[in-house]
Each structure stands twice: as structure tokens, then as C-alpha cells.
Amino acid sequence: MCSRVWFVTDRRISQEYPQIQILRALKERCAEEDVEFRSLLMDQIVLTISEGQLGKYYPVHKKPVPVWS
């Protein structure tokens, strides 16, 4: 069981019926399951999933490398 759910969607379609219904259903389910819910609107979406994790944790002494470099 996860402790956090991210709903990432394109800003251009965020107010369309399917997206609104998905957002509502996820919020309700997360509240029932005591899971933190986060929603993010983006103009362009590029995701990095590494070892089952969205994004990557970098210790303070290491500098993260931007995806676009």
C-alpha cells in the first residue's frame, strides 16, 4: 500500500469531464484509505520513474542533474 498518490494532468484538459471525474474519485479513495493525495497541473509533462519512485531523491551533498541537460 502506498502512502501518497500523485495525479498529474495536462492543464489543457484538466477541466474536461473525464479528468474531473478521475480527480474526484481519487480524492475520495485516498481519504477513505488515509493516503496523502497530491494533484499537479502541467503545461508539458515529462516524468521520470526510477526504481518504482517518481523522481529521485538526492542527498544534500549531491547536486541533481536536470533532465533537460
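## Surface and model basis

Accessible areas come from the Shrake-Rupley method with a 1.4 Å probe, and for residues only the protein chains shown count as cover. On that basis the accessible surface of the chain comes to about 6,200 Å², of which 55% belongs to carbon and sulfur atoms.

The model is predicted, so that local features need pLDDT of at least 70 and side-chain atom pairs count only at pLDDT 80 or more, while totals for chains, interfaces and linings use all residues. Residues are numbered from 1 along each chain as its sequence is written, and side-chain values use heavy atoms, with hydrogens and water left out.

## Fold and packing

The chain holds one helix and four strands, in the order β-α-β-β-β from the N terminus on; helices (H or I, at least four residues) and strands (E, at least two) are DSSP runs, numbered from the N terminus.

Of the 69 residues in the chain, 12% are buried, a term for under 20% relative accessible area, with exposed meaning over 50% and partly exposed in between (1.4 Å probe, protein chains only). Among contacts (heavy atoms within 4.5 Å) between residues at least 6 apart in sequence, 64% join residues at least 24 apart.

## Thr9 and Gln19

Thr9 lies in strand β1 (residues 4–10) and is buried, with a relative accessible area of 4%, while Gln19, in helix α1 (residues 17–33), is buried at 13%. The side chains of Thr9 and Gln19 are joined by a polar contact of 2.6 Å, that is, a pair of N or O atoms within 3.5 Å, where within protein one must be able to donate a hydrogen and the other to accept it, and residues adjacent in sequence count only if both atoms are side-chain atoms.

Leaving aside neighbours within four places in sequence, Gln19 is in contact with Phe7, Thr9, Ile13 and Ser14.
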